[in-house]
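Dear colleague,

Please find the structure below, together with its sequence.

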Amino acid sequence: MLKKVLKYDLKHVFKYWWIGAIACFALATLGGVGLKIDDMSMEKELPIVINIFSGLSIIIALFGFVIFSTFSEVLVIIRTYKNFYSDEGYLTFTLPVKRSTLLVSKLLTSYIVTCVTLITALFNFFIMMCIPYYKDIFSRDTIIAIKEFVRDVICEMGVPYFIFYVIEILVIITLAITLSMLVILLCMSVGSLIAKKGKIIASFALYYAFTNVSTSVIFVYMTVVAPALMSWLNDISDANFNIVLALLLSVLIAFLLMICTLAYLAQYRLLDKKLNLQ
Amino acid sequence: MKNKLLVLLTVVVLLFSLTLPVFATELKMVTFSDDFKTLIFNDETYSRINSNNKIYHFGSIYDYEFNIGEYEEGFYYEYSDSYTDIEVEEKFEEKFFCDLTEEQKNSVIDIDIVDLHNNQILFDVSIYYKDGSVLQVNYMRDDYIAKYNELLKSNDNTKMYLDLLFETEEDVLIFEKGDLNLGDKEKIDVNDISDFFDIVSYSDDETLNIYGGMLIIVDSDYYFVDINSPKYAKEEYFDLYSYSYVEAYKINNEELCEKFEEDIDDFYNDSFNYIYDDELLEGLTKILLTIVFLVLPLALFVLFLILWIKSKEKKYKKIYFVLDVIAVIQVILFFVTNHFMFK
């Protein structure tokens, strides 16, 4: 059942997502042209109008990336809101589908859309850089430099640790994306419960408050913890360094997993018991 | 109504025109010799100096309002072919105007000049050539070069102070090099150094500051490293940790050492309310990390174990079980990480 629900969620999101992707591609191309003009202006003087155009096109292209990312996330949030918290929710919760399936589908949709958006944005950024600098990017020297850099990094930490770190970082990113979606869902659920009218405003207010509080707590924590942690890491012998770093990342993964599971439990309970759409 | 608007407009225009003198600029002419070895400004000649990284760029000791968090480099301009394309820093009123010969214009694309001490004694000049190379040099006014060389040599009467970014001039502890009462030269292993600070020497008329030395702390003893001695003078920038050993002289003036200790403590616990205490910080960190990665998971383990036992719904039992497993894993990881980190 999960596959079907996921299929419809993704279909609904990607119906409009491709508009943002094409717009981002167009702006990235424009930005690339702007960079090319900017490069040319270093060698010869160009009319001021052309200089203004090149500057503006670069700025608009960069804005385009930000807007595209935000647009993708907003599409997922709108889909979730409509599906769970609006009139459409009456239909959703009468379907022969478990609440957990619905919730997992939304989380998977968010994760897939985020990954696809990130890959698309990176691809567009690459296109933007290729237009003015294709000779440098595709030169033999660049490829050799990249190979040497990767080889040096791998040699320093060893192949097993390198693979382990890559896996850990991917897991951390996955958990972070999941957690951010769960927080949004929780804010929407609690907002829908506490406000009969203005549910969206209530959800926004809760999300804003949560973000501020969590950022402050993390900031205070990092200010105190980071210097001591760095000092301890400096004192570790080379033989133990990789193990300790791998373990620290594992501790972080376990912590994020715990928070994600707690958030999932809270959201599941709200969907299951408390959400009253009447 | 029309008249009132007219009066208002007149007042606004008058007020605006009164502010115009604030933005008024005074163009100053700068020229260079053909080989860029000398610079002429205000009928004064400036010559290139060596060891330009020894110059202390943070203004005079009484300019501390520029030092704390807002380092101001002075004002600078940018030269271009048309002579009209000049950029000015907002806060400063003066700007330079560069007059190059035809031959210089053929090879140079741009020049940046910064008045390092805002007193037209020392200029930091970057010359950008058309072939892509950049020449960065300092030009000092000829009448100050002798003073600069004397400062580099230093003597017992050379005035110095510890670079601790004091907020007011009253806080600055000024001493003479002779006051340090230096002992014999010793070889100090850099790994034994617990802390170090720059010492700044300045000229009698307070127009020139240079890095005059370094104060290093080994256990509770204070040592002076003469960074302008022949051994280190060739280095453009003295980097303590690029050596395994440094030659230093023990500071035998105990009273001065006590004052250094006081000032250094104040520096670490200064008006920014930045608490920097190794032991306190480490203790706090251990407590915070233990709470988040040990106490919290243990508490959650107990809580969800109780809920797992009491719960009758299978779907919730599954989630409580998963939470318990994660909590146990976290506790195990905490102890394992602790073991390897403090081995």
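B:Glu255 and B:Lys259 lie 4 residues apart in helix 5 (residues 254-268) of chain B, which means that about one helical turn separates them. Helices here are DSSP runs of H or I with at least four residues, strands are runs of E with at least two, and both are numbered from the N terminus. The side chains of B:Glu255 and B:Lys259 meet in a salt bridge at 3.8 Å, N to O; the term denotes a side-chain nitrogen of Lys or Arg within 4 Å of a carboxyl oxygen of Asp or Glu. B:Glu255 is exposed, at 55% relative accessible area, and B:Lys259 is partly exposed, at 36%. (Buried means under 20% relative accessible area, exposed over 50%, and partly exposed in between, with a 1.4 Å probe and protein chains only.)

Please note that this is a predicted model, in which local features need pLDDT of at least 70 and side-chain atom pairs count only at pLDDT 80 or more, while totals for chains, interfaces and linings use all residues. Residues are numbered from 1 along each chain as its sequence is written, chains are lettered from A and ligands numbered from 1 in the order in which they are written, and side-chain values use heavy atoms, with hydrogens and water left out.

Over all chains, the salt bridges number 9 by this rule. One of them joins B:Lys177 to B:Asp226, with the closest N and O atoms 3.8 Å apart. This pair links distant parts of the chain, 49 residues apart: B:Lys177 is in the loop between strand 10 and strand 11 of chain B, and B:Asp226 is in the loop between strand 14 (221-225) and helix 4 (230-233) of chain B. Both B:Lys177 and B:Asp226 are buried.

B:Arg141 and B:Asp143 also form a salt bridge, their closest N and O atoms lying 3.1 Å apart. Here B:Arg141 counts as buried at 16% relative accessibility, whereas B:Asp143 is partly exposed at 46%. In chain A, a network of salt bridges links A:Asp9, A:Arg79 and A:Lys106.

Turning to the sheet, chain B holds an open one of 7 strands in the order 10-9-12-13-14-15-11, with antiparallel pairing; two strands pair if DSSP finds at least two bridges between them. Strand 10 (174-176) and strand 11 (182-189) of chain B are the edge strands, each pairing on one side only. Strand 11 is joined to strand 15 (residues 245-251) of chain B by 6 bridges, and the two run antiparallel. Within strand 15, B:Tyr245 stands opposite B:Asp189.

Yours sincerely
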